[in-house]
Amino acid sequence: MLKEFKDFIMTGNVVEFAVAVIMAGAIGLVVSGFVSDIIMPVVGQAAGDMNFEDLHYALDGNEYKSLAAATEAGAPVIAWGRWVNSIINLIIVGFVMFLIVRSYNKMQKKEEEAPAGPSQEDLLGEIRDLLGKR
């Protein structure tokens, strides 16, 4: 049973899937950093110096200056600004993945269109014919 599990784990598909999951996580972290550190400050500045991360609705009916102030006061909050950031992250990650898949498909198409050289049998036949002429 242990040998079967080892054979299963070492197949190409499982290893490729593991690499894909790790890369997707890394891309997600990069995109999240890009959105929160670069995109959202620009969007917030364009929207009148607004911090989307702080946008919230306090369920206790009080108004708090920031999300941190509301959570510090123990108020139940709906942090809808974080949700907006998540939606923007999703759109950017989807776009990045689209670009990766698109370039991969173009590369595959070019490989398919590339003219195939002579087969191994053809080359061996040519060598045989050349040796036969000697």
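The accessible surface of the protein chain comes to about 10900 Å², and 65% of that belongs to carbon and sulfur atoms. Keep in mind as you explore that this is a predicted model. Five helices and two strands make up the secondary structure of the chain.

**Overall form**

- If you read along the sequence, the elements follow the pattern α-α-β-α-β-α-α.
- The radius of gyration is 28 Å, well over the 14 Å that the globule rule gives for 134 residues, so the chain is more spread out than a compact globule.
- Taken along the principal axes, the C-alpha atoms fill a box of roughly 100 × 50 × 15 Å.
- Buried residues make up 14% of the 134 residues in the chain.
- Among contacts with a separation of 6 or more, 41% are between residues 24 or more positions apart.

- On the surface you can find a nonpolar patch formed by Tyr-57, Leu-59, Ile-78, Trp-80, Trp-83, Ile-87 and Ile-91.
- Together, these patch residues have about 770 Å² of accessible area.
- Helix α4, which covers residues 80–113, gives the most to this patch, with four residues.

- Arg-82 and Glu-53 are 29 residues apart along the chain, yet their C-alpha atoms are separated by 5.2 Å.
- Setting aside neighbours within four places in sequence, Arg-82 is in contact with Phe-52, Glu-53 and Leu-67.

- Look for His-56 in the loop between α2 (12–46) and β1 (57–58).
- With a relative accessible area of 17%, His-56 falls under the 20% cut-off, so it is buried.
- A polar atom of the His-56 side chain lies 2.7 Å from the backbone oxygen of Asp-54.
- Not counting residues up to four places away in sequence, His-56 touches Tyr-64, Ser-66, Leu-67, Ala-70, Val-77, Ile-78, Ala-79 and Trp-80.
- Ser-66, one of those partners, is in the loop between β1 and α3 (67–72).
- At 18% relative accessibility, Ser-66 counts as buried.
- The Ser-66 side chain reaches the backbone nitrogen of Ala-69 at 3.1 Å.
- Beyond its neighbours within four places in sequence, Ser-66 is in contact with Asp-54 and His-56.

**The salt bridge**

- Side chains of opposite charge can pair when their charged atoms come close.
- How many salt bridges does a search of the whole structure find? There is one.
- That salt bridge joins the side chains of Asp-129 and Arg-128, at 3.3 Å from N to O.
- Asp-129 has a relative accessible area of 43% and is partly exposed, whereas Arg-128, at 57%, is exposed.

Terms used: Residues are numbered from 1 along each chain as its sequence is written. This is a predicted model: local features need pLDDT of at least 70, side-chain atom pairs count only at pLDDT 80 or more; totals for chains, interfaces and linings use all residues. Side-chain values use heavy atoms; hydrogens and water are left out. Patches are made of residues with over 30% relative accessible area and no salt bridge: like charges are joined within 9 Å, nonpolar side chains (Val, Leu, Ile, Met, Phe, Trp, Tyr) within 5 Å. Accessible areas come from the Shrake-Rupley method with a 1.4 Å probe; for residues, only the protein chains shown count as cover. A salt bridge is a side-chain nitrogen of Lys or Arg within 4 Å of a carboxyl oxygen of Asp or Glu. Contact means heavy atoms within 4.5 Å. The radius of gyration is taken over C-alpha atoms; the globule rule is 2.2 Å times the number of residues to the power 0.38. Buried means under 20% relative accessible area, exposed over 50%, partly exposed in between (1.4 Å probe, protein chains only). A polar contact is a pair of N or O atoms within 3.5 Å; within protein, one must be able to donate a hydrogen and the other to accept it, and residues adjacent in sequence count only if both atoms are side-chain atoms.
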